[in-house]
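These exercises are worked with the sequence and the 3D model side by side. Try each task before reading its solution.

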Amino acid sequence: MGEPVVGDRIDQYELLDLLARSGMASIFKAKDTADGQVVALKIPHIQFESDVVFFERFKREEIIGQKLDHPNICK
């Protein structure tokens, strides 16, 4: 599988639009097909899939993001 693109489905998420792309990941507007909720989904680029250091950094970012609570921050 290559880099994800709009229209792809990853688990229960359907990728609707590419919102941003950086050197390490892409952020998509996605629809959770289980409950219909629209979410932001950050997906690391494929070249980082086997990088243990990157994975740990990505997991820390997720943990920090879950702690943030503000009306202008997307969960």
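**Exercise 1. Which residue in strand 4 is the bridge partner of Lys-31?**

Step 1. Note what kind of model this is: it is predicted, local features need pLDDT of at least 70, side-chain atom pairs count only at pLDDT 80 or more, and totals for chains, interfaces and linings use all residues. Residues are numbered from 1 along each chain as its sequence is written, and side-chain values use heavy atoms, with hydrogens and water left out.

Step 2. Find the strands. Strands (E, at least two residues) and helices (H or I, at least four residues) are DSSP runs, numbered from the N terminus.

Step 3. Read off the pair: Val-38 in strand 4 is the bridge partner of Lys-31.

**Exercise 2. Describe the overall make-up of the protein chain.**

Step 1. The protein chain holds one helix and four strands. Their order from the N terminus is β-β-β-β-α.

Step 2. Along the principal axes, the C-alpha atoms fill a box of roughly 35 × 30 × 20 Å.

Step 3. Of the 75 residues, 17% are buried. Buried means under 20% relative accessible area, exposed means over 50%, and partly exposed lies in between (1.4 Å probe, protein chains only).

Step 4. Take the contacts (heavy atoms within 4.5 Å) between residues at least 6 apart in sequence: 22% of them join residues at least 24 apart.

**Exercise 3. Work out how the sheet is built.**

Step 1. The four strands form an open sheet in the order 1-2-3-4, with antiparallel pairing. Strands count as paired if DSSP finds at least two bridges between them.

Step 2. Look at the edges. Strand 1 (9-10) and strand 4 each have a single partner strand, so one side of each is left without a neighbour in the sheet.

Step 3. Go through the pairs.
- Strand 1 and strand 2 (residues 13-21) are joined by two bridges; Ile-10 has Tyr-13 as its bridge partner.
- Strand 2 and strand 3 (residues 25-32) are joined by seven bridges.
- Strand 3 and strand 4 are paired over seven bridges.

Step 4. Examine the hairpins. Three residues lead from strand 2 to strand 3. Five residues lie between strand 3 and strand 4, and Gly-36 in that turn has a positive phi of about 80°.

**Exercise 4. Is Ser-26 buried or exposed, and what surrounds it?**

Step 1. Compare its accessibility with the cut-off. Ser-26 has 4% relative accessibility, so it counts as buried.

Step 2. List the neighbours. Not counting residues up to four places away in sequence, Ser-26 touches Leu-18, Ala-20, Arg-21, Leu-41, Lys-42, Ile-43 and His-45.

Step 3. Look for side-chain partners. A polar contact of 3.0 Å links the side chains of Ser-26 and Arg-21. Such a contact is a pair of N or O atoms within 3.5 Å; within protein, one must be able to donate a hydrogen and the other to accept it, and residues adjacent in sequence count only if both atoms are side-chain atoms.

**Exercise 5. Which element gives the most to the lining of the largest pocket?**

Step 1. On a 1 Å grid over the protein atoms alone, a pocket is an open set of points where a 1.4 Å probe fits, with protein on both sides within 12 Å along at least five of seven lines; lining residues have an atom within 4 Å of a point.

Step 2. The lining has 35 residues, and Leu-41, Lys-42, Ile-43, Pro-44 and Phe-58 lie nearest the centre of the pocket. Strand 4 (38-44) and helix 1 (52-67) are the elements that give two or more residues.

Step 3. Helix 1 gives the most, with nine residues.
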